Amino acid sequence: MSFRRFHRAICVLSLVGVASSVRAVDADFNRDVRPILSDKCFACHGPDAKHVKGDLRLDLRESAIRMNDGHAAIIPGDPSKSELMVRITTADEGEVMPPPESHKELKPHEVDVLREWIKQGARYEQHWAYRKLAWPGLPTVTGTIRNPIDNFIQSNLRKSGAEPANETDRITLLRRLSFDLTGLPPTPDEVRAFLNDESIDAYEKVVDRLLKSPHYGERMAAYWLDLVRYADTRGYHGDQHQDVTPYRDYVIKAFNANTPFDEFTREQLAGDLLPGPTMQQKIASGYNKLLMTTAEGGAQPKEYTAKYAADRVRNASTVWLGSTLGCAECHDHKYDPFTQKDFYSFAAFFADVRETPVGGLTSVIKLPTDGETKRLAALGKQIGPLEKQIRDELAAIDYKEPRPGELKARVAEVKKATEENKPSAKEIIIVDDEKPEAKTIRANKNTHPFKWDEEKKFSGRRSWTRKAKGVAQDVFDYLKEPIHVLSGDTFFVHAWLDEEDPPDAIMIQFRSSNWDHRANWGNIKSIGYGGSTENSKKTDFGELPETGKWVKLEVPVNDVNLRGRELVSIALTLANGTVHWDKLGLQRTATSDWRAKKPVKKQKKKDPLQIESEISFASWDKWIKKQKYKGIERNVRNILTKAANKRNEKDAKKALSHYLENVYQPKRKFFGDIHKKLNPLKKERDALDKAILRTMVTETLGNPRTMRVLPRGNWQDDSGSEVKPAVPASLGKLKTGNKRATRLDLASWLTSRENPLVARVFVNRLWKIMFGRGLATTLDDFGMQGTHPSHPQLLDWLSMEFIASGWDIKHTLKLIALSHTYRQSSVADANSLAADPYNNRFARQGRFRLDAEMVRDNALQVSGLLVDEVGGRSVKPYQPEGYWVHLNFPKRKYAHDDGNKQYRRGLYTYWCRTFPHPSLAAFDASTREECVVERVRSNTPQQALVLLNDPTYVEAARTFAERILDEGGKSTTDRLKFAYERSISRKPRRDETELLSQLYDSHLKQFTEDEKAADELLETGLRDSDSKSSKAELAAWTSIARVVFNLHEFITRN
Amino acid sequence: MTMNIQTLNDLSNRRTFLGRAGLGSIALASLLKPGALQAAPGVDRWTGTLGRLHHTPKIKRIIHLYMAGGPTHLETFDFKPELRKMDGKGMPESFTKGQPIAQLQNKELKCMGPQHDFQHFGQSKQYISEIFPHIGTVADDIAIVRSMRTDAINHDPAHTLMNTGTLISGRPSIGSWMLYGLGAETDELPGFVVLSSIGKHGQSQPISARQWHSGFLPSRFQGVELRSVGDPVLYVGRPGGVTMGRQRDIVETINKLNLLHERATRDPEIRTRIAQYEMAFRMQTSVPDLVDLAGEPESIREMYGTKGADGSFAANCLLARRLAERGVRFIQMYHRGWDHHGSVKSKVAGTAGEVDQACAALIKDLKQRGMFEDTLIMWGGEFGRTPMAQGNGRDHHIKGFSMWFAGGGIKGGTSYGSTDELGYNAVDDIVHVNDLQATILHLLGIDHKRLTFKFQGLDMRLTGIAGNVVDGILA
């Protein structure tokens, strides 16, 4: 809080001056009377004018006191003559009000309240939440007053003779404040520093430190995201993924930067409409897109457009107005002054939001990093010219359909060539006249190029020659078509050993998974490999063959342990001398055993149409159809599936270009060469593009959707009148003149001084964050059916302070944190518990279980596992197998994240609306389908199961165990002390130490005897351990850590 | 009293919420005696908000055989000879004009006759499709409603309406309402259990956990999935290397320390926490025992048509009986396989074959155990299918479809309500989904208008502002 600003507030207060003390009345209209009338009477005698019974409205004084035949529902000052009193006290079942079938019985004290109220004159007051905000007088009171908050709380307490609780101990205070402001526990160092800081503003310094922490924004965001129903999936039906994490990060940043709440409001509702919106403002406008949406086939757009409109009204009115405007979708509101027209007029503010009612998401923008932008540009520069080459070449081709004669000739030619080229039925040729296609073909040390010899040949046109000084070889490495070797096959090669220069030895080597398949002729020691002359992995094929003639060398595969394997490489080696090689291949006999390896696929005979396709587009068109368009990219397929004469010129050209570029034989090499360069670049570009962060934003339609009042909420009924954007009439009117009001006008109105609700609603929620309950306990309903605030003047004072400070959230939180009220102990003595069981008077602090995300964060933080990066994509912690089995369209498999992503704060967990993470859901995390202002806080066996068995907590426990052993001293007592201080910020008491020591001793013994069990326990989770401690010790301490992580105290903020 | 989130949280803080006072001593006893954790049931049983029921109940529990995807009524329980005569002809526009339609939007609408024949079954001569020979054998036990109506034409919202009574998300499902109102009859298992199986004939449409969510009610009332993959109940499996004995050591130490802390702080929530750990520990033994079907006699397994807990609908029916025996209040079994947009003839027969025998077996088995009289068995999906053809299948349809009911308080061997001659509109004795919900609560002894929870200023209830008890199917 800025000191100056605080003073200004005080000054305003003193100007307002009069300290109004609330008289103890039995029948205060707003506090006591209206709730009764609203709950028991308004459903039939309230604001829903169309359905009002007996022409009597009890929400309006003039209607209630109107005389009719000498009777009136209410005769001020005269309860006994008032028809209302008669009817609520009669025993006549036909007469009594409320009617029995409504099941709304009045309790005796409620009757008394109404009687007293009429007796006092039946004065009506404006509903407290709709009253214009003004500074209330500051009650004077003596006591532990740290700031005006305490004045309000303690003056109220005094009235009932109660006292505020004492300030709690420093450890509890720090722990409370750390959870409330950052969602994380304090570290032992922070505890120590605070305990040792004797300066007068020690506590204020802590408040400031925590408000400055980047984790403050995360903590506040976790609450805000429930309000705006932020999620990573769409919600309806297939519940597909949606990209919107940058919105979440915007919220975190906004809280951390202490963006004023009015600005925060404008940016989310209308960031896109701000003048020259920044990227952050556009991202913030994603708020309007966070609702549940559908892509279900068969869903009707009109129905969903209506659903979305209603959803936005429910959400915005609950988030900002704390009002149930959503209840006026089908009829006027039964309790609050909202008409059905108000509902649709409010919906009209959002009628300009671009959306696809059923189907893909719209307005998803990319947010590339600088690196991504640069790399994309670089790729573009390489891709562009290559694509241009293709375009130019395509433009240059003057394609003409070949005549039938040409096609026939082509087929005949190819068939003939195939026949001729066919190897002898049982021979697979690897080298003969041509080198095989292989990844590399090399001679050793690249000093001896491959050398054809057309003079000397055994078969075909040529052989090749290898001259060696020392060892030399020809390697055909990684054949493009590896050979499945069958039992009974025989490799062969024809060799001519030079008479003048015979080698010492020759060797054929084969590679499957390794090179250890060798056939050697001649001196077995001459050819070494791998730096040795180890012979055991060579098979001796005896003497060198005769020189000076062609000799066929044969290697039965069974002799070199190759049967059933896949041959990928082959090498011909010699030691010294000269050899001419020719026709290298594999002989397959009829007795080769096909079962030794799955049979090589028989080559199908080529369809003539396929052969024609090489030179004819028309034939290819038919061929592709015959192949059912298999493997054809979608946009080309969409053209080809139309009959040729039904295609428009542009499409026809596109299809032909595709053919020429990818199929047409005369240009295959040309385009193939470009593709070889282009394809990897495109692949990289596409992968990069896919990886770019995206987010949904709001884009405005020039022509907003027509919005009508839907009679009874029926989307098929167009008879209702058209409405333009407007705020609920009872709350005010926008001054936009003839101009259509926009979301920006709405946002500005919400945080204008005329609006009585928004500040009250929001500070009440800040109070809830700091105490576990609001000053008004119905955080989402400030209407007639909501509860009256326990301290209406304090609520108004805080609201005024909030506005006067410039909608400063940190300022308001700090005010609350500095009050004595906040610092009170949460331990209630029996009297105070009996007098005020629900803590309506705030004579003590609240005690409550941590929110789901904090339960997780706490364990990770204490163990040291927590990765405290702020923001980023959503992450996937461990999740039980099969939990997503009910998802479909598409089916999804949950793969948990590795590394740092496994240990992020709960708020970053991938939020799947239809199946929210079960570990968080067990602790009441919301599904983010609708606005949740207050989570229920249940206490269930599922929570116990999660803390006991979820690998997240077991892994955290074993990690904590290592820490205890490494840092916690030597004795068990010291270590237990360390464990307690680190986890719940205090020292264990003696009885606690005893219990834990017993468990430790017992488990240490057990894990010492059962080492396997210790191993298994310590293997839980991904994290590798480098601990030097013994397994048994670690496992036993893991047991202790598991106990600690399950303690009620560990998951409680008090 | 009217409950809302704050009062419920408050009450839970005060222990009055738990209704019983005996926890302390029992918990202490269990703490002093090692291994006594299993012996302390009943201490934290939520006995329901209602206290006294509104009238005498007919049933204690419900088994909902949820045929997800929208089973065609025209090939199952609602035979339409007129429709057969109209086969291939245009659907009269008087039926379809201005009506909501799903995938047949902007398509030509032609009638498609029933693809299967029907037979009279039982003494009551109930008219049921031949694809249900086994259900036919229990025809005298079931009441068929042929005049169901719903409001939502797509799966997800239609399921939401069927389960929560409204199209808006975030509201409690029927099982949660039951637990909130009545509590459960078991301390070893959750009171509301969900099982599911996937059919092989037709698309398996997704199902959201919203369908068994507790909405604005506390999550203790949420349905718990009993799964056939991984741990049968989420997180019920112990960590590696942790024997039952070691787990017990841990839980006992936790509870002892919590009890010490309770003495120091007088925080009433701690007692509840202790009780929850005891229940969690009991679940870790009771769940494996529950899903172990090996102990069931061969004859029983054959009767249902299952070999073991394999995730099939038949296995789930047998598990449902075991859950019912153990005091589970609401058992909901989704069979995801009824969305037959194409080839309805063969596919509906296929899906029927997956459920027929087990449905009948469940009824017979409950009868032979004397549990039929206090159990409601309900069979049906989220909507029906169009009399109009979608190719050789049928599209979603909400204006008329069929369900059946059996068990306590139900008039067996009856048919109730009807659709028009083409099976399009429910015309006689129309039963809206909210009426169905009112009837279910009625059977449980609850007036649906008086089981409420204050939320956003309204006394929320399962049936919204609608719902009439369907007397015609009640005995």
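I'm working on a predicted model, where local features need pLDDT of at least 70, side-chain atom pairs count only at pLDDT 80 or more, and totals for chains, interfaces and linings use all residues. Residues are numbered from 1 along each chain as its sequence is written, with chains lettered from A and ligands numbered from 1 in the order in which they are written.

**Strand β1(B)**

I looked up β1 of chain B, residues 61-68; strands here are DSSP runs of E, at least two residues, and helices are runs of H or I, at least four, numbered from the N terminus. Eight of its eight residues are buried, so the strand is largely enclosed by the rest of the structure. Buried means 20 or more other C-beta atoms within 10 Å of the residue's own, with C-beta atoms placed from the backbone.

I checked both faces. B:Arg61, B:Ile63, B:Leu65 and B:Met67 are buried on one side, and B:Ile62, B:His64, B:Tyr66 and B:Ala68 on the other. Side chains in a regular strand alternate between the two faces of the sheet.

Next, pairing (at least two DSSP bridges between two strands). β1(B) runs parallel to β8(B), residues 375-380, with six bridges, and B:Leu65 sits opposite B:Trp379. β7(B), residues 330-336, also pairs with β1(B) in the parallel sense, over seven bridges; there B:Ile62 has B:Phe330 as its bridge partner.

I count contact as C-beta atoms, placed from the backbone, within 7 Å. Chain A puts in 80 residues and chain B 71. On the chain A side, α35(A) gives the most, with eight residues.

Note on methods:
A residue is buried if 20 or more other C-beta atoms lie within 10 Å of its own, exposed if 12 or fewer, and partly exposed in between; C-beta atoms are placed from the backbone. Two residues are in contact if their C-beta atoms, placed from the backbone, lie within 7 Å.
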